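Dear colleague,

Please find the structure below, handed over for your use. My notes on what was found in it follow.

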Amino acid sequence: MTFVAEASELLAGTLDPQGILALTAQLVVPRLATWCAAYTDEDQPPVYVWHTDEDCSDDLKHLLQLEGRPPSGPPVPWGDDLACTIPLVARGRELGAIAIGRAGRFPPDYFELAEELVRRSALALDNARLYAEQKSTSLALQRSLLPPELPDLPGFDLAVTYLPAGEGAEVGGDFYDVFACPPGEDGRTRWRFAIGDVCGTGPEAAAVTGLARHALRILGAEGMPLPDVVERLNRLILAEGERGRLLTLLHGELTDQGELSLVCAGHPLPLILSPDGKVTECASPQPLLGVVDDIDFTVDTTKLEPGDVLFSCTDGVTERRDGDVLLGDGHGLEELLAACAGLSAGAVAAAVDQAVRDFSAEPGHDDMAIVVLRALD
C-alpha cells in the first residue's frame, strides 16, 4: 500500500497525458514486472515500451507489433514470459491499456498491485485529458477576445504585450485593441485604442470582455465621440444585470498629427515618456464601468511630440507583488519607464515585461496587458 500511495502522489503531480503513461510504465518496471508497454489505441503500436534490459527493448517492440498485445485478464503464457493487458478505464471510458510481462510467475499480490496502479493511472490520465481540453478551449476563447492583427500607424511605432496569468486553463479579463476609425471633420486620419481589465476570470469575464471590445469597435466606426462611447459601454454592461462585471478602461484616439484624446475610467493612468526621460501622467481618473448608470465622462487631450512614448498597462503590471511591495509603489513604474528613454515601442514593452517577471520569484496571479505608442522622430 505504501508503493500504491507513493505512485498515486507521483501520478497526481503531472497533468501531461503522455507523461502519465511514461510514469506508469516506469513505476511498473522493474518493481512489478520485467517489461511494460503503454497503449492509447487498440489498433496502434504501443506509445511506450520499457524493459529491465534495454538491449531487449527493440526485440520486445517487434514482438508486440508481430503478435499484438497480450490478452486481458490474469497473466498467461506469451512468448517466453507470462503477460497480460490491463485496460486503462476511468469513469466508464477506456483510455488505452497497459501490457505487462514477467519472466517467471506473477505473485498474486504483484498482479493485484499492477491492477490498482493502472486504475489510478487511468484516473490521472482522464483528469489530465480533461484539463488539456479545458486549457485548449480557454486558449482558443482567449485568442478570440484579442484583435486578430494590429493596424499600421504611419508616423508611429506600436507594440503590445499580453500575458495571461497561471497556466492558461481559465480565460482572463484583460484585453487590448487598436483600430482605425473614420476621419474627423478636419479630414485627419485617426486611430482608436483601448486597454481594459474586466473584474474576475472565466466565461463570465470573457462575455464582458467580448462585449466591450466589439462595442468599442462598432461605436468607433460610427464616429461617436470618446466620452459617449464609454458612457454607452457603461450602460451596456449595467444592462447585463448579474452577468455584468466591473470594468476598468482606458480608451483613446490618436490623429496622424499626434493629437491624443483619452478617457480613463478607473484604469491605471497612462504615462508619457519624453526623450529626456521625464515621465508624466496624461489623463485624469474617472469612475470605472459597471457601477453607476448616470456618469458624464470627460476627455483629456494632449499631443505626442516626436520621440514621445505613450505607455498604458493593466494592473497586472503596477500590482505585481513581491511580499508586501508592489512594482508600482513609490513611482516604481515611472522610474522603470524613465530608464527606457530613447528606446523603441517594442523595446519599452519588452523592458517592462521583463521587469515584471524579475520583480518577484513567485508566479504572477493576474493577467498583464501593455500597449506602447511612440511618435517617430
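**Findings**

Arginine 105 counts as exposed, at 60% relative accessibility (exposed means over 50% relative accessible area, buried under 20%, and partly exposed in between, with a 1.4 Å probe and protein chains only). This arginine 105 sits in the loop that joins strand S5 (93-102) to helix H4 (108-144); helices (H or I, at least four residues) and strands (E, at least two) are DSSP runs, numbered from the N terminus.

The model is a predicted one, in which local features need pLDDT of at least 70 and side-chain atom pairs count only at pLDDT 80 or more, while totals for chains, interfaces and linings use all residues. Residues are numbered from 1 along each chain as its sequence is written, and side-chain values use heavy atoms, with hydrogens and water left out.

**Overall form**

The protein chain holds nine helices and 18 strands. Its radius of gyration is 29 Å, well over the 21 Å that the globule rule gives for 377 residues, so the chain is more spread out than a compact globule (the radius is taken over C-alpha atoms, and the rule is 2.2 Å times the number of residues to the power 0.38). Along the principal axes, the C-alpha atoms fill a box of roughly 90 × 45 × 40 Å. Of the 377 residues, 48% are buried. Among contacts between residues at least 6 apart in sequence, 66% join residues at least 24 apart, where contact means heavy atoms within 4.5 Å.

**Nonpolar cores**

A nonpolar core is a set of buried Ala, Val, Leu, Ile, Met, Phe, Trp, Tyr and Cys residues joined through side-chain atoms within 4.5 Å. The largest has 45 residues, and Leu233, Leu247, Leu249 and Leu289 have the most contacts inside it. Two or more residues of this core come from each of strand S6 (156-163), strand S7 (174-181), S8, helix H5 (203-221), H6, S9, S10 and strand S18 (368-375). The most, six residues, are given by H5. Apart from neighbours within four places in sequence, leucine 289 has contacts that include Val230, Leu233, Ile237, Leu247, Leu249 and Phe297. A second, separate core has 31 residues, among them Leu11, Leu32, Ala90 and Phe106.

Alanine 7 belongs to helix H1 (residues 2-12) and is buried, with a relative accessible area of 1%. Neighbours within four places in sequence aside, alanine 7 is in contact with Leu27 and Leu117. The C-alpha atoms of alanine 7 and alanine 122 are separated by 13 Å, although the two lie 115 residues apart along the chain.

**Pockets**

On a 1 Å grid over the protein atoms alone, a pocket is an open set of points where a 1.4 Å probe fits, with protein on both sides within 12 Å along at least five of seven lines; lining residues have an atom within 4 Å of a point. Grid points are joined across faces, edges and corners, and a volume is the space filled by probe spheres set on the points.

The largest pocket holds about 430 Å³ of space. Its lining has 19 residues, of which Arg320, Pro363, Gly364, His365 and Asp366 are the closest to the centre. Helix H7 (315-318) and helix H9 (345-358) each supply at least two lining residues. By class, this lining has six nonpolar, six polar and seven charged residues (Ala, Val, Leu, Ile, Met, Phe, Trp, Tyr, Cys and Pro count as nonpolar, Asp, Glu, Lys and Arg as charged, and the others, Gly among them, as polar).

The second largest pocket has a volume of about 260 Å³. It is lined by 16 residues, and those closest to its centre are Arg190, Arg192, Pro225, Leu226 and Glu253. Strand S8 (190-198), helix H6 (226-239), strand S9 (247-255) and strand S10 (259-265) each give two or more residues to this lining, and S10 has the largest share, with three.

**Backbone geometry**

The peptide bond from valine 29 to proline 30 is cis, with omega near 5 degrees. Arginine 91, which is not a glycine, has a positive phi near 55 degrees.
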